[in-house]
Amino acid sequence: MPDWAWAMVTVVAILVVGAILVRLSHWGINRVIRHLEHEQPAMTEDAKARARTLGSVAKGSATFLIALVTVLVALEAAGLAIGPILAAAGIAGVALGFGAQTLVKDWIAGFFIVFERQFDLGDYVEVAGFGGTVVEINLRSTVLRSLDGARHVVSNNQIQIS
């Protein structure tokens with residue numbers, strides 16, 4: 001088998017393992033949430049909503065981290081030196097950091113929304129001119145479903161809670 005074919009097989013295997021790890025992480029997180037919801041009789045509905053919210057954030061974070069590591073390992077297996085790529089990404093990261101202040105604000109606001117339990121999945125909220133039930137929370141945005149069925153995605157830095 002030629003070297004390039006072996007490299008392609010290795011890359012595909014790495015990507016498959018990465019996909020399996022994402023599925024396993026989601027399965028494990030869902031299992032913990034189900035355990036908390038169904039096998040802890042003293043757990044309040046508020047605590048269950050909190051567990052679902054933290055589970056949603058944990059799944060998103062796990063997916064991002066596993067995908068990042070999988071891509072880097074696959075690039076290395078394909079014969080690309082990832083050292084220069086990481087160095088360039090660091091320099092680009094500094095440049096983008098100045099331009100991505102809104103994104104950083106979203107992440108910080110999202111962290112505090114989850115950490116301070118300002119609202120949870122299933123809560124009805126009115127934010128940024130939209131009202132609806134919270135169907136998804138991540139560090140970047142909050143997704144609402146209004147009473148008429150419309151889906152609204154609100155950046156977390158636009159949410160003002162008093």
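How many bridges join E3 to E4, and do the two strands run parallel or antiparallel? E3 and E4 are joined by 5 bridges and run antiparallel. The model is predicted: local features need pLDDT of at least 70, side-chain atom pairs count only at pLDDT 80 or more, and totals for chains, interfaces and linings use all residues. Residues are numbered from 1 along each chain as its sequence is written, and side-chain values use heavy atoms, with hydrogens and water left out.

The sheet is described next. Helices (H or I, at least four residues) and strands (E, at least two) are DSSP runs, numbered from the N terminus. Two strands count as paired if DSSP finds at least two bridges between them. An open sheet is formed by 4 strands. Their order is E1-E2-E3-E4, and the pairing is antiparallel. Strand E1 (124-127) and strand E4 (151-155) are the edge strands. Each of these pairs on one side only. From one strand to the next, the twist averages 50°. For such angles, axes are lines fitted to C-alpha atoms, for helices over the stretch in contact, and values run from 0 to 180 degrees between N-to-C directions.

Strand E2 (residues 130-137) and strand E3 (residues 141-145) run antiparallel and are joined by 4 bridges. The two form a hairpin, with 3 residues between them. Across this pairing, Val134 stands opposite Leu144 in E3. Glu136 stands opposite Val143 in E3. Val143 also has a bridge partner in E4, namely Val153. E3 and E4 form a hairpin as well, with 5 residues between them. Gly149 lies in that turn and has a positive phi of about 95°. E3 is mostly covered, with 4 of its 5 residues buried. Buried means under 20% relative accessible area, exposed over 50%, and partly exposed in between (1.4 Å probe, protein chains only).

Aromatic contacts come next. The structure holds 2 aromatic pairs. Rings of Phe, Tyr and Trp (its six-membered ring) pair if their centres lie within 6.5 Å; planes under 30 degrees apart count as stacked, over 60 as edge-to-face and the rest as tilted. The ring centres of Phe111 and Phe112 are 5.2 Å apart and the planes stand at 75°, so this pair is edge-to-face. Phe111 and Phe115 form a stacked pair, with 5.5 Å centre to centre and 10° between the planes. Both Phe111 and Phe115 lie in helix H4 (residues 101-115). They are 4 residues apart, about one turn of the helix.

Backbone phi values close the description. Most residues other than glycine have a negative phi. Arg117 has a phi near 55°, a positive value in a residue other than glycine. Arg117 sits in the loop between H4 and E1. With a relative accessible area of 32%, Arg117 is partly exposed. Ala128 has a phi near 50°, again positive in a residue other than glycine. Its place is in the loop between E1 and E2. At 38% relative accessibility, Ala128 counts as partly exposed.
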